[in-house]
Amino acid sequence: MSTASVTSRPGAVLADLLPASRTKDIALVLGGAVLTGIAAQIAVPVPGSPVPVSGQTFAALLVGTALGARRGFLSLALYAVVGMAGMPWFAEGASGYAMPSFGYILGMLLAATVVGALARRGADRSVLRTAGAMVAGSVIIYAVGVPYLALATGMSFSAAIAAGLVPFLIGDALKAALAMGALPTTWKLIGRQG
């Protein structure tokens, strides 16, 4: 299948540009999990918060968008399961599930699935649509992560928002801006080559 026919086909995500095979799907799922684990190591502690700023949220959204809902979900599920089993590849080299920030990992799993489904509907093809997908993914991550943080630490919900949401908004806006530039540009470049 040529690249030109894939890019014009509705429902395609970037991973669909590669020849279809079970081996490819397995490699993409493993690669998405590893990318997320590596990106999680780019972590900066936030004073007053048990949650660091890390690259794992950006990687999770990028993996979901590039791989689609099914492969994105499987990648983040693999990332979560392997991390819970003891692989120290959560942010700051953490592992397990008994940490206050584990809710964000669960949120990333859901967010990767949703942004992957949105990408199948063309949400990664333009700057504005990509922005919408990234915002939706971030909202899902926080919708799971912040309440989990409150429950895990005994914080009030307002304290969890102050510690687990507010300090990350600027960084998330920057991550969304990167995605807004990278994803539509990739599609345009592929379209020119096809």
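## A tour of a predicted model

Glutamate 92 is partly exposed, because its relative accessibility is 46%. The structure is a predicted model, in which local features need pLDDT of at least 70, side-chain atom pairs count only at pLDDT 80 or more, and totals for chains, interfaces and linings use all residues. Residues are numbered from 1 along each chain as its sequence is written, and side-chain values use heavy atoms, with hydrogens and water left out.

### The loop between helix 4 and helix 5

Glutamate 92 sits in the loop between helix 4 and helix 5. Helices (H or I, at least four residues) and strands (E, at least two) are DSSP runs, numbered from the N terminus. Most residues other than glycine have a negative phi.

Tyrosine 97 lies in this loop too, between helix 4 (69-84) and helix 5. Tyrosine 97 counts as exposed because its relative accessible area is 54%. Together with Val81 and Met84, Tyr97 makes a nonpolar surface patch of about 310 Å². Patch members have over 30% relative accessible area and no salt bridge, and nonpolar side chains are joined within 5 Å. The areas come from the Shrake-Rupley method with a 1.4 Å probe.

### Salt bridges

How many salt bridges does a search of the whole structure find? The search finds 7. Each one puts a side-chain nitrogen of Lys or Arg within 4 Å of a carboxyl oxygen of Asp or Glu.

Start with aspartate 25. Lysine 24 bridges to aspartate 25, and their closest N and O atoms are 3.8 Å apart. Both of these residues are buried. Aspartate 25 also meets arginine 70 in a salt bridge, at 3.6 Å from N to O. This pair links distant parts of the chain: aspartate 25 is in helix 2 (residues 22-40), arginine 70 is in helix 4, and the two are 45 residues apart.

Arginine 70 counts as exposed because its relative accessibility is 53%. These residues belong to a network of salt bridges that links Asp16, Lys24, Asp25, Arg70, Arg71 and Arg120.

Lysine 175 and aspartate 172 meet in a salt bridge, 3.7 Å from N to O. They are 3 residues apart in helix 8, so about one helical turn separates them. Both lysine 175 and aspartate 172 are buried.

### The cavity

The structure holds 1 cavity of 30 Å³ or more. A cavity is a set of points on a 1 Å grid over the protein atoms alone, where a 1.4 Å probe fits but cannot get out; lining residues have an atom within 4 Å of a point. The largest cavity contains about 250 Å³ of space. That volume is the space filled by probe spheres set on the points, which are joined across faces, edges and corners.

Which residues lie closest to the centre of the largest cavity? Of the 21 lining residues, they are Ser54, Thr57, Tyr142, Asp172 and Lys175. By class, the lining has 13 nonpolar, 6 polar and 2 charged residues. Here Ala, Val, Leu, Ile, Met, Phe, Trp, Tyr, Cys and Pro count as nonpolar, Asp, Glu, Lys and Arg as charged, and the others, Gly among them, as polar.

### Along the chain and across space

| Pair | Apart in sequence | C-alpha to C-alpha |
|---|---|---|
| Glycine 48 and alanine 143 | 95 residues | 20 Å |
| Serine 49 and alanine 98 | 49 residues | 16 Å |
| Alanine 133 and alanine 98 | 35 residues | 30 Å |
| Tyrosine 148 and alanine 160 | 12 residues | 8.9 Å |

Glycine 48 lies in the loop between strand 1 (43-44) and strand 2. Glycine 48 counts as exposed because its relative accessibility is 72%. Serine 49 is placed in the loop between strand 1 and strand 2. Serine 49 counts as buried because its relative accessibility is 13%.

Helix 6 holds alanine 133. Alanine 133 is buried, because its relative accessible area is 5%. Tyrosine 148 is also placed in helix 6. At 27% relative accessibility, tyrosine 148 counts as partly exposed.

Definitions and conventions:
On a 1 Å grid over the protein atoms alone, a cavity is a set of points where a 1.4 Å probe fits but cannot get out, and a pocket is an open set with protein on both sides within 12 Å along at least five of seven lines; lining residues have an atom within 4 Å of a point. Patches are made of residues with over 30% relative accessible area and no salt bridge: like charges are joined within 9 Å, nonpolar side chains (Val, Leu, Ile, Met, Phe, Trp, Tyr) within 5 Å. Buried means under 20% relative accessible area, exposed over 50%, partly exposed in between (1.4 Å probe, protein chains only).
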